[in-house]
Amino acid sequence: MKIFPIFIPHLGCRFNCVYCDQVAITKCETSTIQSISESVRKFCENNQLEEKEVAFFGGTFTNIQKEKQQAYFDTVNEHKDKIKGIRISTRPDSINQNILDFCKDNNVCTIELGIQSFDESVLKSSKRGYNSQTAIESCNLIKENNFVLGIQLMPGLPGFNSGSLKTTIETTIKLNPDFVRIYPTIVLKNTELENWYKNGEYSPLSLSESIEIVSQMINRFKEKKIQVIKVGLHSDIDEDKIIAGPYHQSFGELIRAEMLKVDILNNFKTKTLEISPADISLFKGFNSKMLKEIKQKKKLKNLPIIINRNFEKDKFIFTDAQPDENW
Ligand code: SF4
C-alpha cells in the first residue's frame, strides 16, 4: 500500500495536547487545497501499479469545519478512480455516526484514532479530554461501519506504569484493530510536557525502557495477528526540538534488533547461526550491541555465522554447516 500523506498540523484540534507539536513533528505547514489536487495527480502517476490511499495526518480531521472537510475530500476525490480511498486521523471524541456517514459518502476507507492509552489515569494525567469508554466506543463504531481501523498508542505518557501498559495492550487486542502505530512519548520544546519535565513533575522513559516496552507490545500484538505498522517518530525530526525522552533516529531498527536478539536467545543452539544479509546491520550496528549481548549471554568467544542471501530479514536458523565467518 502506498500512502500519500497530506499534513494539516493541528487543524481541527480543540486544544493543544500536552505533548504535541505537529509542526515540529511533521516539519510542514498546512497544505493548501489548491496544491493538493496536483500533488495527488503526480502521486497517482508515479505509482500507477500500486494500491494507494491519500491520507490527512497531523490534526483532528473530523473536527475541521465541515465545508473545509468537504473541500479537502472533493479535491482528493478528483482522482477517486485511481486510489483505494482516503485515510484520516482524528481523536476518539470526534467520532459519531453522522461523522462516519459523512466520511463514508466521501470515499474515506481508513480511520486512524489517536487513542494513546486506554488507561483512565493516563488519559486524565495527560489531559486528553476523553475517557477510556469513549475511546472504546469510537473504535467499535468505526469497525461496525466497516472502515479500516488504526490505533495510535503512546507508551510513557504521564501516569504510565506497567498496569496502564497491560490495560492498553489488552484493550487494544479486544478491539482488534487492523493496525497499530506506537510512538513512545518524547518531550518536545514549547509543550506543556516540557514544563512538567523541567518542574520535575514528569519523567520520560529511557531509551532502553522504551525498547523493552515497545518490543513487548509488538510481541503481544503479533500473537493476536495485529499488525504494527510504525514505531517511533520519523528520523528527520529537528533534534533541537527534542528536550528529553527515548528518541533515536533508528528507533525501528533498535526494536528489530531487540526482537531478533530475544528470538535468537530463546531458540539458541551451539551451532552455526545462519542469517539474512538484511540483518547484518542489526548485529554490527549500534556499536555491535546485539552481537555483544548474544555472546555475553551465551558465554561465547565467537559467533559462527553464515549469511544466506535467500533469507528474508528476521529469518534465522541454527545449522551444522561450517561457518563462513566468525564474529
Ligand atoms: S495530539 Fe492530536 S489532537 Fe492533540 S494537538 Fe496533536 S494533533 Fe491535535
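At what angle do the axes of helix α9 (residues 207-223) and helix α10 (residues 251-266) cross? They cross at roughly 70°, and the two axes come within 10 Å. Please keep in mind that this is a predicted model.

**Helices α9 and α10**

- Angles of 65 to 115 degrees count as roughly perpendicular, and α9 and α10 are therefore roughly perpendicular to each other.
- The crossing of these two helices, α9 and α10, is right-handed.
- On the α9 side, the contact is made by Ile211, Val214, Ser215 and Ile218.
- Their counterparts on α10 are Leu254, Ile255, Glu258 and Met259.

**Helices α10 and α11**

- Helix α10 also packs with helix α11 (residues 280-297), at an angle of about 20° and with the axes 11 Å apart.
- Angles under 35 degrees count as roughly parallel, so α10 and α11 are roughly parallel to each other.
- From α10, the contact draws on Glu253, Leu254, Arg256, Ala257, Leu260, Lys261, Ile264 and Leu265.
- From α11, it draws on Leu282, Phe286, Met290, Glu293, Ile294 and Lys297.
- Leu254 of α10 is worth a look, as it takes part in the contact with α9 and in the contact with α11.

**Helix α3**

- Helix α3 (residues 66-77) has 12 residues, which at 1.5 Å a residue should span 16 Å; its end C-alpha atoms are 16 Å apart, so the two values agree.
- Buried residues of α3 are Gln69, Tyr72, Phe73, Thr75 and Val76.
- Because these residues cover an arc of only 165° around the axis, they sit on the same side of α3.
- The face turned away from that buried side carries Lys66 and Glu67, which are exposed.
- Covering the buried residues of α3 are elements including α2 (33-46), β2 (52-57) and β3 (85-90).

**Cys13**

- You will find Cys13 in the loop between β1 (2-7) and α1 (22-26).
- With 19 other C-beta atoms within 10 Å, Cys13 is partly exposed; a residue needs 20 or more to be buried.
- Apart from neighbours within four places in sequence, Cys13 is in contact with Gly59 and Thr60.
- Cys13 and Asp324 are 311 residues apart along the chain, and their C-alpha atoms are separated by 56 Å.

How values were computed:
Residues numbered from 1 in each chain as written. Predicted model: local features only at pLDDT ≥ 70, side-chain atom pairs only at ≥ 80, totals over all residues. Helix = DSSP H or I, 4+ residues; strand = E, 2+ residues; numbered from the N terminus. Expected span 1.5 Å × (residues − 1). Buried ≥ 20, exposed ≤ 12 C-beta atoms within 10 Å, placed from the backbone. Arc of directions from axis to C-beta. Contact = placed C-beta atoms within 7 Å. Axes fitted to C-alpha atoms, helices over the stretch in contact; angles between N-to-C directions. Parallel < 35°, antiparallel > 145°, perpendicular 65-115°, else oblique. Left-handed = near helix turned anticlockwise from the far one by under 90°.
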